[in-house]
Amino acid sequence: MIDGIDRTILRHLKEDGRMTATALAAKVGLTVAPCHRRLRDLEASGVIRGYRADIDPGAIGLGFEAIVFVTLRQADRATMSEFEDRVAAIPNIVEAQRLFGSPDYLLRVIAADLPAYQRFYDDQLSALPAVERLNSTLVMKNLKPNAGPPV
């Protein structure tokens with residue numbers, strides 16, 4: 001069960017995942033040992049899934065983004081499993097969700113520019129197993145990237 005102190009810990013880590021346990025303890029009003037214990041418990045229980053750098057795709061030459069809606073020809077377990085495994089292995093697909101209803105999947109794809117996306121679309125997206133239809137929407141502006149859940 002997550003209490004108010006845990007939520008405060010999560011809010012501070014969401015803003016700065018590199019915060020030391022000492023700084024975090026001071027922010028939440030605990031001494032270091034109980035703060036560190038709570039932090040370990042949040043990690044062990046899976047509430048905190050990990051830590052990573054938030055990289056600006058545009059700063060590394062991947063400033064083009066598209067949302068791709070995918071409809072499969074068939075939706076049996078083996079087909080979906082194969083599709084999902086292939087999607088998970090493609091680095092330019094940075095987010096993927098299986099949806100209820102139609103379409104079947106939503107993919108967030110990054111590329112260098114429109115010609116690079118077109119090559120990616122032709123070479124990789126259209127080659128995914130059992131794809132019936134791909135529908136792309138180009139992202140004009142990302143207003144709230146990597147916001148995470150409210151805590």
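Visitor: How many aromatic pairs does the structure hold?
Guide: This is a predicted model, in which local features need pLDDT of at least 70 and side-chain atom pairs count only at pLDDT 80 or more, while totals for chains, interfaces and linings use all residues. Residues are numbered from 1 along each chain as its sequence is written, and side-chain values use heavy atoms, with hydrogens and water left out. Rings of Phe, Tyr and Trp (its six-membered ring) pair if their centres lie within 6.5 Å, and the number of aromatic pairs in the structure is 3.

Visitor: Are the rings of F64 and Y117 stacked, edge-to-face or tilted?
Guide: Planes under 30 degrees apart count as stacked, over 60 as edge-to-face and the rest as tilted. The ring centres of F64 and Y117 lie 5.6 Å apart and their planes meet at 35°, so the pair is tilted.

Visitor: Which parts of the chain does the pair of F64 and Y117 link?
Guide: Helices (H or I, at least four residues) and strands (E, at least two) are DSSP runs, numbered from the N terminus. The two residues are 53 residues apart, and the pair links distant parts of the chain, namely strand β1 (residues 64-72), which holds F64, and, for Y117, helix α5 (residues 114-125).

Visitor: Is P115 buried, partly exposed or exposed?
Guide: P115 lies in helix α5, and its relative accessible area is 43%. Buried means under 20% relative accessible area and exposed over 50%, with partly exposed in between (1.4 Å probe, protein chains only). While F64 and Y117 are both buried, P115 is partly exposed.

Visitor: How many bridges join β2 to strand β3?
Guide: β2 and strand β3 (residues 105-111) run antiparallel. I93 stands opposite V109 in β3, and the number of bridges that join β2 to β3 is 5.

Technical notes
Pairing = 2+ DSSP bridges.
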